[in-house]
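Colleague: I'd like to learn how to read a model like this one, feature by feature. Could you walk me through it?

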Amino acid sequence: MANGYVGDDVAQVQERLTELGYLDADEPTDTYGSAMEQAVMRFQILEGMTPNGCVDEDVWKRMQASDAPESAIAEGMEGDDVESYQERLMNLGYLASNATG
């Protein structure tokens, strides 16, 4: 499942990402959009996975685990955690600008 995908299972992933604090979704939808893709990438980074923004069987399994990591950052936050995420995204080629924190 990746950006642009439409299906009933998207809502389940959105609900889990919301529970874990990666996504601020009022109502789950059936469309996998850019906000969801970014949330999945943040989850993948914390899990030590390659942040490609796609939900495959392994990613979904980790999201469902009782020890799945909760989000350490949210939109609008600043600081060392944000800078660490930015640096990781830069190193992987997903962010072109400097890490600002």
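**Reading the model, feature by feature**

Modeller: Let's start with one residue and its surroundings. Setting aside the neighbours within four places in sequence, Q44 is in contact with M49, T50, P51, N52, G53, C54 and V59. Keep in mind that this is a predicted model.

Colleague: Where does Q44 lie, and is Q44 buried or exposed?

Modeller: Q44 lies in helix α2. Its relative accessible area is 2%, so Q44 counts as buried.

Colleague: Which backbone atom does the side chain of Q44 reach?

Modeller: The backbone oxygen of C54, at 3.1 Å. C54 is also one of the residues on the contact list of Q44.

Colleague: Before I go on, how should I read the confidence?

Modeller: The general idea is that where pLDDT is low, the predicted coordinates should not be read in detail. In this protein the mean pLDDT is 85, and 92% of the residues reach 70 or more.

Colleague: Which helix has the lowest confidence, and which the highest?

Modeller: Confidence is lowest in helix α4 (residues 80-91), with a mean of 74, and highest in α3, at 96.

Colleague: How many helices and strands are there?

Modeller: The count is 4 helices and 0 strands. From the N terminus on, the order is α-α-α-α.

Colleague: And the overall dimensions?

Modeller: For 101 residues, a compact globule would have a radius of gyration near 13 Å, and the protein has 13 Å, so the two agree. The C-alpha trace spans about 35 × 25 × 25 Å along its principal axes. Buried residues make up 34% of the 101 residues. As for contacts, take those between residues at least 6 apart in sequence: 42% of them join residues at least 24 apart.

Colleague: Now salt bridges. What's the general idea?

Modeller: Side chains of opposite charge can pair when their charged atoms come close. A search of the whole structure here finds 3 salt bridges.

Colleague: Which residue does E19 pair with?

Modeller: E19 meets R16 in a salt bridge, 2.9 Å from N to O. Both lie in helix α1, 3 residues apart, which is about one turn of the helix.

Colleague: Which other residue forms a salt bridge with R62?

Modeller: D67 does, with the closest N and O atoms 3.0 Å apart. D67 is exposed, at a relative accessible area of 55%. Through salt bridges that share partners, E47, R62 and D67 are joined into one network.

Colleague: Last feature: aromatic rings. How do I describe a pair?

Modeller: A pair of aromatic rings is described by the distance of the centres and the angle of the planes. Searching the whole structure gives 1 aromatic pair. The rings belong to Y22 and F43; their centres are 5.6 Å apart and their planes stand at 80°, so the pair is edge-to-face.

Colleague: Where do Y22 and F43 lie?

Modeller: Y22 is in the loop between α1 and α2, and F43 is in helix α2, so the pair ties together parts that are 21 residues apart in sequence. Both Y22 and F43 are buried.

Technical notes
Residues are numbered from 1 along each chain as its sequence is written. Side-chain values use heavy atoms; hydrogens and water are left out. pLDDT is the predictor's confidence in each residue, from 0 to 100. Helices (H or I, at least four residues) and strands (E, at least two) are DSSP runs, numbered from the N terminus. Buried means under 20% relative accessible area, exposed over 50%, partly exposed in between (1.4 Å probe, protein chains only). A polar contact is a pair of N or O atoms within 3.5 Å; within protein, one must be able to donate a hydrogen and the other to accept it, and residues adjacent in sequence count only if both atoms are side-chain atoms. Contact means heavy atoms within 4.5 Å. A salt bridge is a side-chain nitrogen of Lys or Arg within 4 Å of a carboxyl oxygen of Asp or Glu. Rings of Phe, Tyr and Trp (its six-membered ring) pair if their centres lie within 6.5 Å; planes under 30 degrees apart count as stacked, over 60 as edge-to-face and the rest as tilted. The radius of gyration is taken over C-alpha atoms; the globule rule is 2.2 Å times the number of residues to the power 0.38.
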